Amino acid sequence: MKRRTFLQAGAAGLVFSTIAGTPAHAARSRKRAYVLVIDGCRPDELDSGLTPNLAALRDGGLRFAQALSMPVMETIPNHVMMMTGLRPDRTGVSANSVYDRRRGAVRDLDRPSDIRCETVIGRLNRRGHTTGTVLSKSYLYGVFGGRATHRWEPSPTLPITEHAPDVFTIEAALAMHEELDPNLMFVNLGDIDRFGHADLTGTTLQLARRLALADTDVQVQRFIDALKASGAWENAVVIVLADHSMDWSTPDKVISLAGPLEGDPLLAGKVQIADNGGADLLYWTGPRSQRERAVDRMRAIAREQDGVLAAYARTADWLRLGPEAGDVVVFCRAGWRFSDPDPLTSNPIPGNHGHPATRAIPFFVAGGHPVVPTAEVSSRVARTLDVAPTLARFFDVGRPSGGYDGRALLG
Amino acid sequence: MTTPSPRASALHRRTVLGTATAATVGAAALTGSPGHATSTAPSYFRHGVASGDPLPDAVLIWTRLTTSSRRADVRWEVAHDARFRDVVRRGTFTTTASRDHTVKVDVTGLSPATWYHYRFVHAGVASRVGRTRTAPGPDATPDNLRFGVVSCANLQAGWFSAYRGLAARDDLHAVVHLGDYLYEYGPSQYGYGFDDEDIRSHEPAHEMVSLADYRRRHAQYKRDADLQDLHAKYPWIVTWDDHEVTNDQYAGGAENYNTDLGEGAYRKRRARAHRAYDEWMPVRMDGTARLRDGDRLYRRLRFGRLAEISMLDLRSHRDAQASAPGPDVSDPDRTITGRQQLDWLKDSLHPGRAQWKVIGNPVMIAPVDFAGLPDALLDPINDVTGLLPRDGVPYNVDQWDGYTDDRREVFQHIRDHQVTDALFITGDIHSGWACELPYDASTYPVGASAGVEFVCSSVTSNNLKDITGTPPRTTSLAVEALITANNRHIKYLDFDSHGFSVLDLTPARAQMDWYVIGDRADRDTDITWAVSWATRTGTGRVEPAEEPV
């Protein structure tokens with residue numbers, strides 16, 4: 001096991017944990033890469049006028065007109081896809097929330113051991129590069145664990161949202177850049193997502209969301225300005241994307257599958273549900289011999305409910321989800337949400353994602369490194385899982401056994 | 001589109017019902033010569049050459065042989081160069097009178113995104129040389145795609161200067177025709193301006209009803225020099241609207257259809273129209289160049305990663321138009337697409353397909369709401385557009401406004417799957433529009449847009465100034481202002497002009513340029529750029545563009 005030391009980072013007073021024996025500053029390569037995740041941002045929001053800095057950054061680099069989050073369109077699996085380049089059937093991380101059959105409980109996939117494959121962070125570390133994670137959400141900090149050379153534990157975090165506001169996250173990113181200057185930094189900015197989840201005016205005016213967009217835009221620009229001031233920009237690739245987008249629902253557009261499933265003689269007492277906002281994962285807990293019939297019943301009952309868009313067998317090819325995602329994946333329509341098992345209390349928040357209405361994301365590449373095109377728009381589809389192959393090619397650190405599921409977007 | 005009731009007697013316009021068979025060859029040969037190509041056209045190929053439906057490795061080429069033989073062989077050649085020194089494909093096609101001596105060849109084995117030249121040869125006489133272009137490969141990322149966009153070409157209403165304008169350009173990749181390629185009416189029934197003057201008269205001199213009629217009318221249009229030039233210069237991507245059969249047609253009938261006048265069963269009339277269309281148009285019906293193997297017209301054409309065009313057929317599968325404003329327009333049991341085509345359209349509108357999901361849409365999909373128009377203006381506006389119900393309920397029963405449940409399903413699908421860059425290009429209503437497509441028009445611009453719609457004007461068919469009999473840009477200005485004021489998603493509207501559009505697609509934006517012609521009665525009338533509107537990728541909004549591409 002690697003020991004960790006703690007490093008007091010400059011005047012900011014921020015604390016980073018660092019793998020013992022790691023040089024404080026990157027030494028082997030001048031290349032820098034920064035992955036900035038604007039958590040939950042919709043692609044059209046960058047044209048709203050609220051994010052002039054992000055829009056300018058996008059328009060000056062390589063923009064992907066079609067970019068997609070991958071199922072299940074949730075935060076943890078898509079961050080894991082970014083850093084592994086692999087689909088969930090290979091990473092082991094299919095959703096934020098799953099039913100853990102061994103523990104007999106629903107839980108978040110927020111443990112380092114939940115990722116069952118190597119990340120590009122690890123590949124860089126093995127080649128002598130240094131890496132850093134500045135992740136605003138506690139569960140992201142949890143799932144990436146000690147993989148990065150340097151990592152910031154989100155603080156202070158807000159109650160309920162369990163995330164650090166962007167102003168603190170960017171302070172940490174600035175400090176890490178100034179003091180530790182890793183070759184790769186992976187930054188998650190959670191405000192737009194968290195304010196979006198809670199925005200009671202989400203279906204109309206989006207007052208809270210709009211405030212967050214404007215502020216995050218300022219924070220990102222602070223970071224870009226720092227890269228330019230330090231000279232890192234000239235050797236940098238800056239990938240900016242969202243992990244998923246966001247959709248809003250009103251209290252009358254709530255789906256709860258627990259009741260209908262419990263009312264079925266075959267399924268009663270033998271189904272567990274992991275609610276992921278816009279997607280419900282259904283788990284058959286009855287006899288294995290009845291599983292096929294149970295899957296058919298769960299799908300049929302789900303499809304009968306108002307607001308349900310589709311109910312797939314988890315093994316459907318296009319989903320590429322692992323067994324931890326259960327037996328049936330149910331998506332809601334735009335403007336709806338799931339609340340399971342309790343229709344009133346399990347999910348009262350208006351902003352949700354996880355369903356296909358939240359697949360489109362902003363995705364662009366900026367930076368001063370010559371590999372980054374200038375003011376170009378591409379019609380190729382970019383996906384969250386393309387981040388790791390892009391980084392791997394940029395740093396020339398090879399590919400995992402079996403290759404990447406994503407593809408490199410540069411070079 | 002809904003056309004005004006012809007002023008001539010319906011009895012008169014339907015008295016001569018020709019038949020197919022032996023008259024066909026003579027009919028074509030005797031067809032008048034409205035175009036100026038007649039004197040120089042090769043005698044065997046008087047109807048020009050055409051190509052269409054480009055794929056990455058194939059394109060359909062077409063001609064028609066003028067001959068008295070029932071059966072004749074036609075050689076065809078496709079080459080990289082116009083002098084045919086580098087021929088890449090050649091063959092022989094046997095045509096017969098049973099197909100009106102038309103020739104359709106699906107030339108395969110071609111290279112993607114490549115210009116080719118083609119010609120036909122019979123008895124040692126060659127046709128004019130046509131030029132065509134294949135589509136980019138499925139994963140290609142072209143910098144741009146550029147299409148001419150046209151609709152509603154009534155030969156009696158004037159000269160096809162719009163086609164001339166497009167043929168003069170060298171920067172297009174294809175031409176998209178959104179329907180009403182020809183009109184069914186006889187002379188004096190639907191022509192130029194307020195008095196329906198015939199600038200040129202239709203042949204045969206009565207409404208087309210029989211197979212021979214439809215063939216002869218196609219032949220007449222194909223003799224127009226401007227049309228021939230445009231067909232010869234670019235591949236075309238076509239769909240029909242109503243007038244290829246008859247006005248306001250639907251699956252089981254049409255406004256301009258009357259069994260009492262000897263037209264026979266409607267389905268048989270339509271089958272005759274479809275057969276002539278298949279024979280005379282450079283299009284794959286039911287996916288093939290073969291005739292009489294099906295008349296499915298809706299289809300997709302992919303242009304690399306940048307765009308895919310889904311051409312709709314909004315006539316063959318629709319229910320009858322609602323007879324009056326009321327709940328019928330939103331009845332979920334009524335359809336404008338048919339179930340199969342609607343599911344197919346939803347497949348076209350799916351994330352991960354090509355970036356610009358272009359829908360070749362024969363009739364408008366944007367909702368058009370209205371209030372506050374003086375009664376004196378209602379009739380003339382409805383005469384040309386059919387848009388404005390008297391009771392203020394907003395719809396035109398002939399377009400998607402008359403089948404709102406289908407539209408709701410399409411828009412809901414776009415929203416459910418967060419589809420971006422859905423772009424409807426539309427013809428039919430003889431006017432230019434640039435619209436956003438709100439999920440909820442009543443609260444817009446609060447709320448999102450499902451995409452955008454650009455509507456091209458007519459090539460020649462009458463519009464509002466003709467129906468009102470007022471000078472251009474007088475009465476129409478007030479109407480346009482009222483409509484745009486009541487429909488915040490409609491950003492541009494021109495009820496008066498005729499011409500063509502140019503659609504340019506890049507990964508960053510889609511832009512439509514509207515070009516207008518002067519007097520349709522003047523064969524050499526000027527053509528000028530009028531206005532351009534664009535939509536930036538991912539926005540679902542339109543904005544004016546400063547200059548044409």
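Predicted model: local features only at pLDDT ≥ 70, side-chain atom pairs only at ≥ 80, totals over all residues.
Reader: What makes helix 6 and helix 8 of chain A roughly parallel to each other?

Author: The axes of helix 6 (residues 166-179) of chain A and helix 8 (residues 207-230) of chain A cross at roughly 10°. Angles under 35 degrees count as roughly parallel, and therefore these two helices are called roughly parallel to each other.

Reader: How do you know which residues make that contact?

Author: Residues are in contact if their C-beta atoms, placed from the backbone, lie within 7 Å. From helix 6 of chain A the contact takes D166(A), V167(A), I170(A), A173(A), L174(A) and H177(A). From helix 8 of chain A it takes D215(A), T216(A), Q219(A), R222(A), F223(A), A226(A) and S230(A). By class there are 6 nonpolar, 4 polar and 3 charged residues in this contact. The two axes come within 9 Å.

Reader: Which residues of helix 1 and helix 8 of chain A meet?

Author: P52(A), N53(A), L54(A) and L57(A) belong to helix 1 of chain A, and they meet D217(A), V220(A), Q221(A) and I224(A) of helix 8 of chain A. Sorted by class, that contact has 5 nonpolar, 2 polar and 1 charged residues.

Reader: How do you know whether the radius of gyration of chain A agrees with a compact globule?

Author: A compact globule of 411 residues would have a radius of gyration near 22 Å; chain A has 21 Å, so the value agrees. The C-alpha trace of chain A spans about 65 × 50 × 40 Å along its principal axes. In secondary structure, chain A comes to 11 helices and 20 strands.

Reader: Into what domains is chain A divided?

Author: Domain 1 of chain A covers 4-248 + 357-395, and domain 2 covers 254-349. Their C-alpha centres lie 30 Å apart. Where they touch, 20 residues of domain 1 of chain A are in contact with 18 residues of domain 2 of chain A.

Reader: Which elements supply the side of domain 1 of chain A that touches domain 2 of chain A?

Author: Helix 3 (88-91), strand 5 (97-100) and helix 7 (191-198) of chain A each supply at least two residues. The largest share, 3 residues, comes from strand 5 of chain A. This side of domain 1 of chain A divides into 10 nonpolar, 6 polar and 4 charged residues.

Reader: What makes strand 5 and strand 6 of chain A a pair?

Author: A pair needs at least two bridges. Strand 5 of chain A and strand 6 (residues 105-108) of chain A have 4 bridges, in the antiparallel sense. D100(A) stands opposite A105(A) in strand 6 of chain A. The hairpin has 4 residues between the strands, and G104(A) takes a positive phi near 65° there.

Reader: Why do strand 5 and strand 22 of chain B stand at the edges?

Author: In chain B, 10 strands form an open sheet with mixed pairing, in the order 5-2-1-11-10-9-19-20-21-22. Strand 5 (102-107) and strand 22 (543-545) of chain B each have a single partner strand, so one side of each is left without a neighbour in the sheet. The twist averages 30° from one strand to the next. Within this sheet, strand 19 (residues 499-505) and strand 20 (residues 509-517) of chain B pair in the antiparallel sense over 7 bridges. D504(B) stands opposite Q511(B) in strand 20 of chain B.

Reader: What makes strand 12 and strand 18 of chain B edge strands?

Author: A mixed, open sheet of 7 strands in chain B has the order 12-13-14-15-17-16-18. Strand 12 (299-303) and strand 18 (490-494) of chain B have a single partner strand each, so one side of each lacks a neighbour in the sheet. Neighbouring strands are turned by 20° against each other on average, direction ignored. Strand 15 (residues 422-426) and strand 17 (residues 449-455) of chain B run parallel and are joined by 4 bridges. T426(B) stands opposite V455(B) in strand 17 of chain B.

Notes
Residues numbered from 1 in each chain as written. Chains lettered and ligands numbered in written order. Axes fitted to C-alpha atoms, helices over the stretch in contact; angles between N-to-C directions. Parallel < 35°, antiparallel > 145°, perpendicular 65-115°, else oblique. Contact = placed C-beta atoms within 7 Å. Nonpolar A, V, L, I, M, F, W, Y, C, P; charged D, E, K, R; others polar. Domains from an automatic or database assignment. Rg over C-alpha atoms; globule rule 2.2 N^0.38 Å.
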